[in-house]
Amino acid sequence: YKGIVYKKLKDYQSAINQFDYCLELAKKYDLVYLVSLGYLNKAEIFMRQKDLELASIFLNKSMQLSYQLNNRSSIAKAYKIRGLIARCKKSYLVAENYLTTGLRLNRELGLELESAAVILELGLLYRETGEVKKASANINDGLTYLKSQDIKKISREIESCISKLELKKF
């Protein structure tokens, strides 16, 4: 859990150190599920640091193990991260395909919060590509869900995105 806390605090080096330690233990005891999660978390960190090559390497390792385990929630999260990597590379159509795949999987699994996060990412993607109507619809859908779950902090972040989107119209 320390790695996740450090990741949330954006202390990425400490998070990587924790995940490396956890990976070492998980491999030693053949805990494949935890190995896949460690790789997934490292992929997300490297993506956030814009080290897209390392992010892709760890994401591929995680996806391979997640498919072996049939861990669909990790696969869904991996598609989201793969979409974000593609968006960083400005491969917008590829990003949209990965994100919509992640969204479909999350919805099939009933993971509503994860679905809302992917919907928000789709909205940000559409905003980046200038598709204002799609962006607005996705961001509002994500916001509606999060407000219904009373997640105030995330709702405020989305409202900030909406106001930035509204300003782009004029």
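Reply: A charge sits over a ring if NZ of Lys or CZ of Arg is within 6 Å of the ring centre and within 35 degrees of the ring normal. The model is predicted, so local features need pLDDT of at least 70 and side-chain atom pairs count only at pLDDT 80 or more, whereas totals for chains, interfaces and linings use all residues. Residues are numbered from 1 along each chain as its sequence is written, and side-chain values use heavy atoms, with hydrogens and water left out.

Me: The charged end of which residue sits over the ring of Tyr98?

Reply: The distance to the centre of the Tyr98 ring is 5.6 Å. The residue whose charged end sits there is Arg82.

Me: Which elements make up the protein chain, and how many helices are there?

Reply: Helices (H or I, at least four residues) and strands (E, at least two) are DSSP runs, numbered from the N terminus. The order of elements from the N terminus is α-α-α-α-α-α-α-α-α. There are 0 strands, and the number of helices is 9.

Me: What percentage of the residues in the protein chain is buried?

Reply: Buried means under 20% relative accessible area, exposed over 50%, and partly exposed in between (1.4 Å probe, protein chains only). The protein chain has 170 residues, and the buried share is 43%.

Me: How many of the residues of α3 are buried, and what covers them?

Reply: The buried residues of α3 include Val35, Tyr39, Ile45, Phe46 and Met47, and also Lys42 and Glu44. With contact meaning heavy atoms within 4.5 Å, their cover includes α1 (2–8), α2, α4 and α5. Helix α3 is mostly covered, and the buried count among its 17 residues is 12.

Me: Why is the pair of Phe46 and Phe58 classed as it is?

Reply: Rings of Phe, Tyr and Trp (its six-membered ring) pair if their centres lie within 6.5 Å; planes under 30 degrees apart count as stacked, over 60 as edge-to-face and the rest as tilted. By this rule the structure has 3 aromatic pairs. The ring centres of Phe46 and Phe58 are 5.7 Å apart and their planes lie at 20°, so the pair is stacked.

Me: How many residues apart in sequence are the parts that this pair ties together?

Reply: Phe46 is in helix α3 (residues 32–48) and Phe58 in helix α4 (residues 52–69). Phe46 counts as buried at 11% relative accessibility, and Phe58 likewise counts as buried at 11%. The sequence separation of the tied parts is 12 residues.

Me: What is the angle between the planes of Tyr79 and Tyr98?

Reply: These two rings form a tilted aromatic pair, 5.9 Å from centre to centre, with the planes at 40°.

Me: Which helices does that pair link?

Reply: Tyr79 and Tyr98 are 19 residues apart, and their pair links distant parts of the chain. Tyr79 counts as buried at 16% relative accessibility, while Tyr98 is partly exposed at 26%. The helices are α5 for Tyr79 and α6 for Tyr98.

Me: How many residues are in the largest nonpolar core?

Reply: A nonpolar core is a set of buried Ala, Val, Leu, Ile, Met, Phe, Trp, Tyr and Cys residues joined through side-chain atoms within 4.5 Å. Those with the most contacts inside the largest one are Val35, Tyr39, Ile45, Met47, Leu59, Ile81 and Ile85, and its residue count is 27. Helices α2 (12–28), α3, α4 and α5 each supply at least two residues of this core. Another core lies apart from it and includes Leu99, Ile119, Tyr126 and Ala135; its residue count is 10.

Me: Is Ser115 buried or exposed?

Reply: Ser115 has its place in helix α7. Leaving aside neighbours within four places in sequence, Ser115 is in contact with Leu103, Asn106 and Arg107. At 2% relative accessibility, Ser115 counts as buried.
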